[in-house]
Amino acid sequence: MHAPITPKPSGKWAARWHAFLNPLESEKSEFLRHRWESLPVELQTPNQISGRHLTHCGFTTGASYCSFHCTHCYLPKNANEIPIPSLAQVKEQIRANRSFQGPFGGLQITGGDVADAYFRSGRQEELIEIVRYAYQVGLVPMLMTHGQTLLDHPDFLERLVVEGGLRQMSVHIDVTQAGRKNYPINRVSGEADLHPLREAFTELVLDMRKRTGANLELALSCTVTRKNINDLPEVLRWYLADPQRTHVWRMISLQPEADTGRTLFSERPITPLDVWEKIREGTGRPVRKDATIFGHPDCNSWAPFMVARTSGEIFSLLPEDPKWDKMMGQLLKEIGGLHLMNDDAGTPFYRLLGVLARSPLLWLRVGHYIAECLAKKRLPISVLTAMLTGKAHVVGIGMHNFMDAEMVARADSDPIIKARLDSCVFKGAVKMDGQWLEVPMCSMNQANWSRIYAERASDPELCAQPQPKSPGNTMVTGSSPTLNHSNRQHPASCSLE
């Protein structure tokens, strides 16, 4: 189903030299070509990322349990009642994702809060193996979590990093969360109240890097509602104020609320334009919403910034002047198949140099662009110096606009919604009637979870395995069931009595 991964050379500089000499993956380039050709012609634009730099991001439909009770949760109400899938089932799904994405595709390890679920069920070894296995088949896993379990139990995180190889983790932090230790939802007045929590995760990662030598990085995901829309500029300014923070938090994903799952939807819903205006305000840059698109322009917008770790100054990597869009398209075409996921050896920069060395004309165009940015004082000298000396890093600030359930339901009669689903860049491998299909997350949220939950709830082997327990409850297993029925943790179809 997948090609073997070329063994990595030992040693940091050996890995960098190998990356410079072999910057492109031919298998990945082939996957990208097919993806590009599958896009509607109107979406094959110079600023299109899908089919150029990535196929799509995959996901697992893993353990559905979560100890939080957030106001904007996209899962069904019975998510906590569903047993954890078997390790063999998760591995099969990982292999299926690999077959759709090719090598070095991003894979979100998710379902509910999987760190929560595996820790509370006493099945930590399985999650470590899931992360390790994703790397083994050639994907780049990102653990999706609210992070509280790992903040409280850093030894579990260390095992995921050291034994599983985990290098990317997305932590969801915002005012919609109910259940956060020391941050009760009724006492959190705004996003600024959560800065100490964000700083705690920053310190956790810095300590983990020091203890393990591994380059663990974080992404922030944040649901945007009417309650916190005006706080976004403050959140962005807080992150960008300290280059050490952005060296830990390499991605910020702002997500306008969607009316799906068990969400308590705002009376005046947030729009993508609302969010993008706050991104401009928070970054202090006139970043263009349409400078890049991932799949469909109604779904995703992205703004990458180069940060100088020496001065903290930032530079918007995307052109503010549309005249440079064609150059960006040519650059994206040239670096198709370029693996830019960071690693412990810091090879992405050397891969990029390797590509540019093979295309001198493209190098000259990039140089011309940089020169113009310097002349117009868009690019600070300190940032350029940091780039040339390896003391700069990229942080991405983006918006992911999920669809309401009722929108997805009318896809067959609405060509725009159908185009959004067809060009989706966030879709996972899901088995239906014995066949693996690529299913957009919006479709999962709208209709597919119930079928998966029903299958798991009726599987006696899954029900017999240890499942998550809530605080105060005893562990539930198939052989010795004891639980607080006011907070039942198993589906009714599992035999517990």
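**Close-up 1. Arg167 and its salt bridge to Asp344.** Arg167 counts as buried, at 18% relative accessibility, buried meaning under 20% relative accessible area, exposed over 50%, and partly exposed in between (1.4 Å probe, protein chains only). Its side chain meets that of Asp344 in a salt bridge, 3.0 Å from N to O. Asp344 sits in the loop between helix H12 (325–334) and helix H13 (348–358), and Arg167 in the loop between helix H7 (154–162) and strand S4 (168–172), so this pair ties together parts that are 177 residues apart in sequence. Asp344 itself is partly exposed, at 37%. A salt bridge here is a side-chain nitrogen of Lys or Arg within 4 Å of a carboxyl oxygen of Asp or Glu, and by that rule the count comes to 28. Helices (H or I, at least four residues) and strands (E, at least two) are DSSP runs, numbered from the N terminus. Keep in mind that this is a predicted model: local features need pLDDT of at least 70, side-chain atom pairs count only at pLDDT 80 or more, and totals for chains, interfaces and linings use all residues. Residues are numbered from 1 along each chain as its sequence is written, and side-chain values use heavy atoms, with hydrogens and water left out.

Close-up 2. In helix H4 (residues 114–120), Asp116 and Arg120 are four residues apart, about one turn of the helix. They form a salt bridge whose closest N and O atoms are 3.1 Å apart, and both residues are buried. Over in helix H5 (residues 124–136), Glu129 and Arg132 are three residues apart, again about one turn. Their side chains meet in a salt bridge of 2.7 Å, N to O. Glu129 is buried, at a relative accessible area of 15%, while Arg132 is partly exposed at 28%.

**Close-up 3. A salt-bridge network at Glu30, Arg33 and Glu37.** Here a network of salt bridges links Glu30, Arg33 and Glu37. The general idea is simple: side chains of opposite charge can pair when their charged atoms come close.

Close-up 4. S7 (300–308) is mostly covered, with nine of its nine residues buried. Asn300, Trp302, Pro304, Met306 and Ala308 point one way from S7, and Ser301, Ala303, Phe305 and Val307 point the other way. S7 pairs with S9 in the antiparallel sense over nine bridges, where two strands pair if DSSP finds at least two bridges between them. Ala303 has Ile397 as its bridge partner in S9. S7 also pairs with S8, antiparallel too, over three bridges, and Met306 stands opposite Phe315 in S8. The hairpin of S7 and S8 has five residues between the strands, and Gly312 takes a positive phi there, near 85°.

**Close-up 5. Helix H15 and its two sides.** The buried residues of H15 (residues 381–388) are Val383, Leu384 and Ala386. They cover an arc of only 160° around the axis, which puts them on the same side of H15; the arc is that of the directions from the helix axis to the C-beta atoms. These buried residues pack against S7, strand S8 (314–316), helix H14 (360–375) and strand S9 (392–400), with contact meaning heavy atoms within 4.5 Å. After H15 comes Gly390, whose phi is positive, near 75°.
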